[in-house]
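I opened this model to look up two things. I wanted the charged side-chain pairs, and then the helix packing.

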Amino acid sequence: MKEVNVRIITATNADIEGLVKPEAFRLDLYYRLNVLSIHIPPLRERKEDIPSFVFYYLRQFEQKYHIKKKVDNQAFQQFMAYGWPGNIRELKNLMERLYHLSEGTTITTDYLPENLLRYRTGLE
C-alpha cells in the first residue's frame, strides 16, 4: 500500500452551508472540505480589478496571436459601468471576442455586444 498526500481545492458560488440543512449537500463532506474558506467578491463589487484583467487578457492574446491591441476610453468606460453577471469568465470571453472581431489595433464601442451597451443606458 502506498501513502498519498492529497489536497482538494473546491470553488462554488452556491451557499453550501445552506444546502446542508435541507440535506442537498452531505454534512460530513462539508466538514471535510471546509478547512479554509476564502470569500472572493464578484467582479461587480471590485471594479478596481477590471483594468488589470482587461490588460492581462489582452497581453495573453497578443502573445498568442502576435497582434497588439488596445481598448479606447469609451469602451473602457463601458467595462467599468457594466455589472458583469458572468464574473471574470464573462470578461475573459468578451476580451477574446473583441480581440478577434475588432479591426485594426483599437477595440472601440462599435464592437461591444448590445447587452453591454444597454447596461450603461439603464435599459438592462
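**Salt bridges**

I counted three salt bridges. I note here that the model is a predicted one.

I took R26 and D28 to begin with. Their side chains meet in a salt bridge, with N to O at 2.7 Å. I then checked accessibility for the pair. R26 has 53% relative accessibility, so R26 counts as exposed. D28 has a relative accessible area of 38% and is partly exposed.

I went on to R46. This residue forms a salt bridge with D49, and the closest N and O atoms lie 2.8 Å apart. Is R46 buried or exposed? I found R46 at 13% relative accessibility, so R46 counts as buried. D49 stands at 24% and counts as partly exposed.

I looked up R59 and E62 next. Their side chains form a salt bridge at 3.4 Å, N to O. Both residues sit in helix α3, three residues apart, so about one helical turn separates them. R59 is partly exposed, at 33% relative accessible area. E62 is buried, at 11%.

**Helix α3 against α4**

I moved to the packing of α3. Helix α3 covers residues 50-65, and helix α4 covers residues 73-81. I read an angle of about 125° between them, with the axes 10 Å apart. The two helices are therefore oblique to each other. α3 passes α4 in a right-handed crossing.

Which residues of α3 and α4 meet? From α3 I listed I50, P51, V54 and F55. From α4 I listed F76, F79 and M80. I sorted the residues of this contact by class: seven are nonpolar, none polar and none charged.

**Helix α3 against α5**

I turned to helix α5, residues 87-101. α3 and α5 pack at about 45°, and their axes are 10 Å apart. I noted this pair as oblique too, because the angle falls between the cut-offs of 35 and 65 degrees. The crossing of α3 and α5 is right-handed.

I wrote down the contact residues. On the α3 side they are I50, F53, V54, Y57, L58, F61, E62 and Y65. On the α5 side they are I88, L91, K92, M95, E96, Y99 and H100. By class I found eleven nonpolar residues, one polar and three charged.

Note on methods. Residues numbered from 1 in each chain as written. Predicted model: local features only at pLDDT ≥ 70, side-chain atom pairs only at ≥ 80, totals over all residues. Heavy atoms only, no water. Axes fitted to C-alpha atoms, helices over the stretch in contact; angles between N-to-C directions. Helix = DSSP H or I, 4+ residues; strand = E, 2+ residues; numbered from the N terminus. Parallel < 35°, antiparallel > 145°, perpendicular 65-115°, else oblique. Left-handed = near helix turned anticlockwise from the far one by under 90°. Contact = heavy atoms within 4.5 Å. Nonpolar A, V, L, I, M, F, W, Y, C, P; charged D, E, K, R; others polar. Salt bridge = Lys/Arg side-chain N within 4 Å of Asp/Glu carboxyl O. Buried < 20%, exposed > 50% of the residue type's maximum accessible area, 1.4 Å probe, protein only.
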